[in-house]
Amino acid sequence: MVTIRDVAKAAGVSVATVSRVLNETGYVHEDTRNTVNEMIKQLNYSPNEVARSLYTKKSRLIGLLLPDITNPFFPLLARGVEDEMRLHDYRLIFGNTDEDAEKEQDYIQTFQQNNVIGLISMTNTLSKKVYQDLSIPVVFLDRTSSGYPSVFADGKEGGKLAAMEMVKRGSKRITLIKSPGHLQTAVDRFQGALEVLSTSDINFYVMSTTSFSFKDAETWAKDLFEKYPDTDGVIASNDIVATAVIHEALRIGKKIPDEIQVIGFDDVPHSSLLFPPLSTIRQPAYEMGKEAAQLLIKLMKNEKLQKKNIQLPVTFINRDTTRKVDEHV
């Protein structure tokens with residue numbers, strides 16, 4: 001690994017001179033500055049961004065908080081953030097909170113100690129106490145907030161789409177799996193589905209859950225078929241829960257989609273690789289991440305925001321866990 005000492009030796013200057021060039025502090029003759037920059041380029045030297053920020057009290061570092069890195073939806077969001085930030089020469093450091101408020105607070109303190117200049121949060125607490133004293137701009141991603149800029153998908157429309165497609169394809173006893181109630185985006189998708197089902201000529205059940213995690217999904221899928229064995233359609237809270245429902249339905253001998261239809265939410269990469277491939281509501285995760293990054297960059301540059309809250313559209317992705325429409329017209 002190339003060090004600052006290697007650059008100094010190649011340029012024929014002191015380490016302190018290279019440091020002044022990197023940090024843009026103190027006087028350096030223009031010819032010397034050009035020589036140092038040329039050696040940095042030739043040697044492909046990359047300064048330690050954290051150490052540099054501690055010295056200058058400035059950085060190009062952005063904090064990114066995820067609620068559960070094992071959920072493949074959140075890395076999709078993060079990739080959108082990262083790609084957009086790199087276009088503008090920013091770098092990310094991230095924390096995985098596991099939906100734990102104390103862990104979230106610890107990561108925010110760590111970000112502050114490393115002089116991050118902005119924060120994008122996808123966490124589930126949205127506590128004003130956690131964020132109100134921060135001196136850096138904050139953007140919420142896949143979360144809504146009245147006090148901060150945010151980027152999110154149209155969850156209510158997504159819920160409506162899922163319910164309409166399920167009814168249109170012939171299910172008569174639908175189980176609606178309700179997402180955690182402390183997230184407005186989850187409440188929106190539930191309310192959207194509920195509006196459609198409540199005005200349709202079908203029977204439906206509501207099953208409440210407390211998280212989006214892998215570890216609980218299998219249990220909920222088993223509970224679903226024990227409580228509502230006549231279910232012939234499931235609108236899941238996300239693709240992880242939908243995957244568990246598919247596995248359990250096949251385990252107990254139900255035919256998909258002939259006997260039971262399943263619709264997920266998110267369209268994570270593995271959804272198309274399941275057997276059968278999962279029909280789902282697609283959230284444009286990558287695009288959402290890019291939008292959040294663009295919002296934060298504008299805030300960090302003190303630019304005026306034309307829109308403080310950005311809502312992106314969702315779409316129904318028709319695969320093999322739902323029937324063809326013309327079979328039930």
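User: Let me start with a helix on a sheet. Which strands does helix H9 lie across, and at what angle does H9 run to E6?

Analyst: First, keep in mind that this is a predicted model. H9, residues 184-198, lies across E6, E7, strand E8 (233-235) and E9. H9 runs at about 160 degrees to E6.

User: Now the sheet itself. In what order do the six strands stand?

Analyst: Start with the general idea. Strands of a sheet pair through backbone hydrogen bonds, either parallel or antiparallel. Here the order is E7-E6-E8-E9-E10-E12. The sheet is open, and its pairing is mixed.

User: Which strands stand at the edges?

Analyst: Strand E7 (203-208) and strand E12 (315-317) do. Each has a single partner strand, so one side of each has no neighbour in the sheet. From one strand to the next, the twist averages 20 degrees.

User: How do I read the pairing of E6 and E7, parallel or antiparallel?

Analyst: Parallel, over six bridges. Strand E6 covers residues 173-178.

User: Next, a single helix. How far does H5 reach from its first C-alpha to its last?

Analyst: H5 spans residues 73-87, which is 15 residues. It reaches 22 Å, close to the 21 Å expected at 1.5 Å a residue.

User: Which residues of H5 are buried?

Analyst: Recall the helix rule. An α-helix has 3.6 residues a turn, so residues three or four places apart point the same way. In H5 the buried residues are Phe 73, Phe 74, Leu 77, Ala 78, Gly 80, Val 81, Glu 84 and Met 85. They cover an arc of only 155 degrees around the axis, so they lie on the same side of H5.

User: What covers the buried residues of H5?

Analyst: The cover includes strands E1 (61-66), E2 (91-96), E3 (119-121), E4 (138-141) and E9 (261-266), along with helix H12 (285-300).

User: How should I read the nonpolar cores? Which residues have the most contacts inside the largest one?

Analyst: In soluble globular proteins, nonpolar side chains tend to be buried together. The largest core here has 44 residues, and Met 85, Ile 120 and Leu 141 have the most contacts inside it. H12 gives the most to this core, with eight residues. A second, separate core has 22 residues, including Ala 217, Ala 221, Ala 244 and Ala 249.

User: What is Ile 120 in contact with?

Analyst: Leave aside its neighbours within four places in sequence. Ile 120 is then in contact with Gly 63, Leu 64, Leu 65, Val 81, Met 85, Val 139, Leu 141, Ala 292, Ala 293 and Leu 296.

User: Now the backbone. Where is the cis peptide bond with omega of about 5 degrees?

Analyst: It joins Ile 256 and Pro 257. Pro 257 is in the loop between helix H11 (239-251) and E9. Another cis peptide bond joins Phe 275 and Pro 276, with omega about -5 degrees. Pro 276 is in the loop between E9 and strand E10 (279-282).

User: Asp 267 is not a glycine, so what is its phi? Is Asp 267 buried or exposed?

Analyst: Its phi is positive, about 65 degrees. Asp 267 sits in the loop between E9 and E10. Asp 267 is buried, with a relative accessible area of 15%.

User: And Asn 44, buried or exposed?

Analyst: Exposed, at 65% relative accessibility. Asn 44 also has a positive phi, about 55 degrees, although it is not a glycine. Its place is the loop between helix H3 (30-43) and helix H4 (49-56).

User: One last loop. What does Val 13 touch?

Analyst: Val 13 lies between helix H1 (4-11) and helix H2 (15-23). Not counting residues up to four places away in sequence, Val 13 touches Ala 8, Val 18, Thr 32 and Val 36. Val 13 and Thr 32 are 19 residues apart in sequence and 8.2 Å apart in space, C-alpha to C-alpha. Val 13 is partly exposed, at 24% relative accessible area.

Notes
Residues numbered from 1 in each chain as written. Predicted model: local features only at pLDDT ≥ 70, side-chain atom pairs only at ≥ 80, totals over all residues. Heavy atoms only, no water. Helix = DSSP H or I, 4+ residues; strand = E, 2+ residues; numbered from the N terminus. Expected span 1.5 Å × (residues − 1). Buried < 20%, exposed > 50% of the residue type's maximum accessible area, 1.4 Å probe, protein only. Arc of directions from axis to C-beta. Contact = heavy atoms within 4.5 Å. Pairing = 2+ DSSP bridges. Axes fitted to C-alpha atoms, helices over the stretch in contact; angles between N-to-C directions. Core = buried A, V, L, I, M, F, W, Y, C linked by side-chain atoms within 4.5 Å.
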